[in-house]
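Let's take a walk through this one together. Have the sequence and the 3D view open as you read.

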Amino acid sequence: MRNSPHTLDILQSLGFKYHIDEPSADQPFIVKLKGGDFVTVPYTLHMNDIASYTFQNWDPAAYEQALKDEFDQLYEEGATRRRMMAVGLHDRISGHANRVRVLDRFLSYARSKPGVWFARKDEIAAWALKHREITPVYERGSPTVTGLPGSAG
């Protein structure tokens, strides 16, 4: 979302294997850069707490239901294909006691379902690189031409 034509190459040169600032997909994918494979672990906007809280008339039950509905749909789809749910949380927004309760109830609900993997972004990126044969790989070309993050030309 806030990339320059050089961002991914710079991150890779600093030793990073992945980035998380791109909402263009709903599953991890590999971008081929000059320095080799680099993973994008998608960032979510619709399940992001900034977008989910109106800050006035906030409805905890509606937010909890939205989380459950998203999870349930992806869980059902996950029976036949790979699925990932990302929830963007910020301490200054979701760190309030009443919001923590909503998250606790949702996480308890999601943990009750068999076969769900709760992973950090670095673990997802490592998994994507290890399972390259089933992870989409993109050769995007120069961002100055494509407008998408990739190696600068």
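Is Thr40 buried or exposed? Bear in mind as you look that this is a predicted model. Thr40 sits in strand β3, which covers residues 36-40. Its relative accessible area comes out at 0%, and anything under 20% counts as buried, so Thr40 is buried. What does the side chain of Thr40 make a polar contact with? The partner is the side chain of His19, at 3.0 Å. Leaving aside residues up to four places away in sequence, Thr40 touches His19, Glu22, Gln27, Pro28, Phe29 and Val31.

Now hop over to another threonine, Thr135. You'll find Thr135 in the loop between α6 (121-130) and β4 (137-138). With a relative accessible area of 5%, Thr135 is buried too. The side chain of Thr135 reaches the backbone oxygen of His131 at 3.0 Å. Again setting aside residues up to four places away in sequence, Thr135 touches Pro28, Phe29, Ile30, Arg82, Trp127 and Ala128.

Next, let's look at a pair of helices. The axes of α3 (residues 60-77) and α5 (residues 97-111) come within 10 Å and cross at roughly 25 degrees. Because angles under 35 degrees count as roughly parallel, α3 is roughly parallel to α5. The crossing of the two is right-handed.

So which residues meet there? From α3 come Pro60, Tyr63, Glu64, Leu67, Lys68, Phe71 and Asp72, and from α5 come Val102, Leu103, Arg105, Phe106, Tyr109 and Ala110. Sorted by class, this contact has 9 nonpolar residues, 4 charged ones and no polar ones.

Notes. Residues numbered from 1 in each chain as written. Predicted model: local features only at pLDDT ≥ 70, side-chain atom pairs only at ≥ 80, totals over all residues. Heavy atoms only, no water. Axes fitted to C-alpha atoms, helices over the stretch in contact; angles between N-to-C directions. Helix = DSSP H or I, 4+ residues; strand = E, 2+ residues; numbered from the N terminus. Parallel < 35°, antiparallel > 145°, perpendicular 65-115°, else oblique. Left-handed = near helix turned anticlockwise from the far one by under 90°. Contact = heavy atoms within 4.5 Å. Nonpolar A, V, L, I, M, F, W, Y, C, P; charged D, E, K, R; others polar. Buried < 20%, exposed > 50% of the residue type's maximum accessible area, 1.4 Å probe, protein only. Polar contact = N/O pair within 3.5 Å; in protein donor to acceptor, adjacent residues only side chain to side chain.
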